Amino acid sequence: MVAFNGGNSEPNAVLSQTFATTPGQSYSVSFDYGVLAWSGDEQRLGVSVTGLSPLLSDTLSIFGQGGGSTTWAIGSYTFVADDDATTLTFNDLSPATIALDLLLD
């Protein structure tokens with residue numbers, strides 16, 4: 001699990017991984033994302049997949065429930081590779097960081 005913008009830090013973290021793929025082959029990626037929150041503010045997770053060209057780009061939102069609780073949701077995507085290497089990237093795009101953290105598992 002990764003916590004983005006921990007300790008009220010700037011929401012600018014990036015996590016990426018490049019892996020081998022076969023052009024023309026379909027791939028699926030699934031993950032859990034969440035928010036640990038003392039407030040009801042929004043957290044945003046950018047998700048992108050890039051090969052020779054951009055294959056996927058999306059932004060997921062999740063709102064805190066307050067009281068120090070953690071809320072989770074599932075992200076799931078399918079893409080068709082266009083190169084022998086593909087990069088999956090997660091970006092913290094959250095508008096707020098005080099009293100809440102964006103989570104990725």
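Student: Quick one to start: which residue in β5 is the bridge partner of Ser48?
Tutor: That's Ser57. Strands here are DSSP runs (E, at least two residues), numbered from the N terminus. Before we go on, this is a predicted model, where local features need pLDDT of at least 70 and side-chain atom pairs count only at pLDDT 80 or more, while totals for chains, interfaces and linings use all residues. Residues are numbered from 1 along each chain as its sequence is written, and side-chain values use heavy atoms, with hydrogens and water left out.

Student: OK, and how many bridges join β4 to β5?
Tutor: There are 9, and the two strands run antiparallel, with β4 covering residues 42-50. Two strands pair if DSSP finds at least two bridges between them.

Student: What order do the strands of that sheet come in?
Tutor: The order is β2-β7-β4-β5, an open sheet of 4 strands with antiparallel pairing. At the edges sit β2 (14-20) and β5 (54-63), each pairing on one side only.

Student: What holds strands of a sheet together in general?
Tutor: They pair through backbone hydrogen bonds, either parallel or antiparallel.

Student: How many helices and strands does the chain have?
Tutor: It has 0 helices and 8 strands.

Student: Switching topic: which residues touch the most other members in the largest nonpolar core?
Tutor: Phe31, Leu45, Val47, Tyr77 and Phe90, out of 20 residues. A nonpolar core is a set of buried Ala, Val, Leu, Ile, Met, Phe, Trp, Tyr and Cys residues joined through side-chain atoms within 4.5 Å. Buried means under 20% relative accessible area, exposed over 50%, and partly exposed in between (1.4 Å probe, protein chains only).

Student: And which strand gives the largest share of this core?
Tutor: β3 does, with 5 residues.

Student: How many aromatic pairs are there?
Tutor: A search of the whole structure finds 4. Rings of Phe, Tyr and Trp (its six-membered ring) pair if their centres lie within 6.5 Å; planes under 30 degrees apart count as stacked, over 60 as edge-to-face and the rest as tilted.

Student: Why does the pair Tyr27 and Phe79 count as stacked?
Tutor: Because their planes are at 20°, with the ring centres 5.7 Å apart. Tyr27 lies in β3 and Phe79 in β6, 52 residues apart.

Student: Are those two buried or exposed?
Tutor: Phe79 counts as buried at 5% relative accessibility, whereas Tyr27 is partly exposed at 21%.

Student: Which rings form a cluster?
Tutor: Ring pairs link Phe31, Tyr33, Tyr77 and Phe90. Within that group, Phe31 and Tyr33 are both buried.
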